[in-house]
Amino acid sequence: MTTNKEILMEIRDLSVEYTTRLGQVSAVDKISFDIYKGEILGLVGESGCGKSTMGKALMRMIQPPGKITGGQIIFDGEDIMTYDDDQMRDFRGRRVSMIFQDPMTSLNPVQRVDEHVIEAIQVHEPETKTETALKRAEKLIQKLGIRKNRMNSYPHQLSGGMRQRVMVGLGLVLNADLIVADEATTSLDVIVEAKLADQLRQIREDFDVSLLVITHNIALVAELSDRVAVMYAGHVVEIADVEPIFDNPLHPYTKGLLDSIPNIKLDEKEVLYKMPGEPPNLTHPPSGCRFHPRCPFAMPICSKYEPDFKEVTPGRQVKCWLYIDHPEKEQATIEVQA
Amino acid sequence: MTIPSENQNNEDYLVQVTNLKKWFPVQTSFIDQLFAEEREFVRAVDGVTFNIKRGEVLGLAGESGSGKTTIGRVTIGLDEKTDGEVIFDGINLSTLSQEQLRKMRRRMQVIFQDPLASLNPRMSLGDAIKQGLEIHYPETKDQHRDIVLEMMEEVGLSPAKFFYNKFPHQISGGQRQRVVIARALVTKPDLVLADEPIAMADVSVRALLLDLMVKLKNDYNLTYLFITHDLATAKYICDRIAILYLGKIVEISDLREVYAHPLHPYTIALLAAVPVPNPHERREEPMPKGEIPNPIHPPSGCRFHPRCPYAQAVCSEKEPELRELRPDHLVACHFAEQFLDS
């Protein structure tokens, strides 16, 4: 699927912390992964695992009391962590844009659709005439399946699906290379969600854009993405192409998660796996591997040391002691077949 | 054919709902009301008929705006109905006085979606659960604490003594939903209205909550009216399911029957839209056009016809009635026969 992989964005040891009354929360803890050109990467995890923080950090949009405390984000050869405010403003929107869960809070209620799109164009390309911008906007909006006469509508006059498509349009109008969709389909009804998923796939084809789809909906990721990154308690615990993740999950959390999600097929998965416990509080994350208190395979070493994010087969990384050697470990290390 | 009137006195049914309607008046300004020819209504529920057998879990499924929550609320008398009849355990609820209805509430409890919004932030968990007992069983006051502790253990808030004096903000989301479940069950109800009870919970916690609900249902001989937008989750708890569209039931039968042999084009689309956690089985078929329309002016005839790929002229003229096309499987579509073979 993703054979000739050209890297668009390299994330290296990225950390984000929030300062709270109860102490420092390490929402994203030294995470490293790549986003390839033209791929749909699904970033899945439960609430509080840091996936939204991760998405915002990629655009350096973490607001106080949160702070990016370390790491690099290399985009097209440049570390955007070194950018100043002006460079960042240009970077956001033009290179990477973001779609959020609730389009109603992202769209300006007193601005029409055409005004939104024209503004987006003219902020980044002030020399563009309004008529030219309008023409571009109309073409794009139609491509997204919204009729031309809807350009004059205000956000509240549109349906939820249409609003979300307008948001997608705002992301595409400047030819961004990467669109971060943070729970973009979550507030939509299932049929509208399915249609938006189809559209996102189509957009990837038509605009040759990369998509980072952040969601808690694992089934949606199976439908939509080329690769999957699974997050748990501020770490990416596994990353691989979508088929191997679902066919043969390696990390016990990935496995537990997949076994616990409902499947509508009548003959499949009649009983759900009941994962013990609940996701941890990140002010005091568990020692060692953060998943060890809920892990059915936990060994003594798991609570002592944090495992590396090891490449077990080409293109597949997993953060688990089951697959890593260590002198203090008694159990045999599992070799993964490619 | 299961026409509910035939089963009027059937002891098997705990709840019999006939032609239930709930219309909400549209808020307009006084001036508009003066000049308007007639008052406009949101037809949230527009004539639904269903029964719930004792010990059964009936699912009400549909998209937002389909009226599923309103049906639940009106059925147990939380909202007043516009028209129709609700018979609970042989008693017509509209014949009851306020006082009698209040007593009846002991037997009909609710679990809402958001446990944090359902719990008083300044009331300890034990006190919150105890409240129902104080209202409905004032005579056994000295046993209340023990009953509550026992109930808390039942729902997995263990050790109960540790949780009794905690407050909602001190526990996790999954535990909060357990408190809400305990509070609903402590009055020993017959019917529990569960309105998206696990939708807010984390994926890894949902399976535990579902399991708990099934266990409690068996232990306490409960009947559930289970409201959900998630057809995949419904598979794990519902015995029967009613698919709603714009205030109407379009299809109702055993869950497995509906999922295996959907007969309404809307049900077919809805089932196909649910993503399957298997990248080898990606959906190919296109989705119906448009979105759920405005319930103030619902489409004429069959309400699904503007979005239906199989619609014909009659669909916009004549409203289809629910009819039995397979044993105990009702569908409201003029052309459902074409799906019998597939």
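What share of the 342 residues in chain B is buried? The answer is 46%. Keep in mind that this is a predicted model.

**Chain B overall**

- Chain B is built with 13 helices and 12 strands.
- A compact globule with 342 residues would have a radius of gyration near 20 Å, and chain B has 21 Å, so the two agree.
- Now take the contacts in chain B with a separation of 6 or more: 66% of them are between residues 24 or more positions apart.

**Where chain B meets chain A**

- On the chain B side, 37 residues are in contact, and they touch 35 residues of chain A.
- Four helices of chain B each supply at least two residues to the side that touches chain A: α9 (203-220), α10 (231-234), α11 (255-260) and α12 (265-273).
- Of the contributors to that side, α9(B) gives the most, with seven residues.
- Sort the side of chain B that touches chain A by class and you get 22 nonpolar, seven polar and eight charged residues.

**A mostly covered helix in chain A**

- Helix α10 of chain A runs over residues 252-260, and seven of its nine residues are buried.

**Two crossing helices in chain A**

- Helix α4 (residues 113-124) and helix α5 (residues 130-143) of chain A have axes that come within 9 Å and cross at roughly 115°.
- The crossing of α4(A) past α5(A) is right-handed.
- From α4(A), the residues at the meeting place are A:Val113, A:Asp114, A:Val117, A:Ile118, A:Ile121 and A:Gln122.
- Their partners in α5(A) are A:Thr130, A:Ala133, A:Leu134, A:Arg136, A:Ala137 and A:Ile141.
- By class, this contact of α4(A) with α5(A) has eight nonpolar, two polar and two charged residues.

Definitions and conventions
Residues are numbered from 1 along each chain as its sequence is written. Chains are lettered from A and ligands numbered from 1 in the order in which they are written. This is a predicted model: local features need pLDDT of at least 70, side-chain atom pairs count only at pLDDT 80 or more; totals for chains, interfaces and linings use all residues. Two residues are in contact if their C-beta atoms, placed from the backbone, lie within 7 Å. Ala, Val, Leu, Ile, Met, Phe, Trp, Tyr, Cys and Pro count as nonpolar, Asp, Glu, Lys and Arg as charged, and the others, Gly among them, as polar. A residue is buried if 20 or more other C-beta atoms lie within 10 Å of its own, exposed if 12 or fewer, and partly exposed in between; C-beta atoms are placed from the backbone. Axes are lines fitted to C-alpha atoms, for helices over the stretch in contact, and angles run from 0 to 180 degrees between N-to-C directions. A crossing is left-handed if the near helix is turned anticlockwise from the far one by less than a right angle, and right-handed if clockwise. The radius of gyration is taken over C-alpha atoms; the globule rule is 2.2 Å times the number of residues to the power 0.38.
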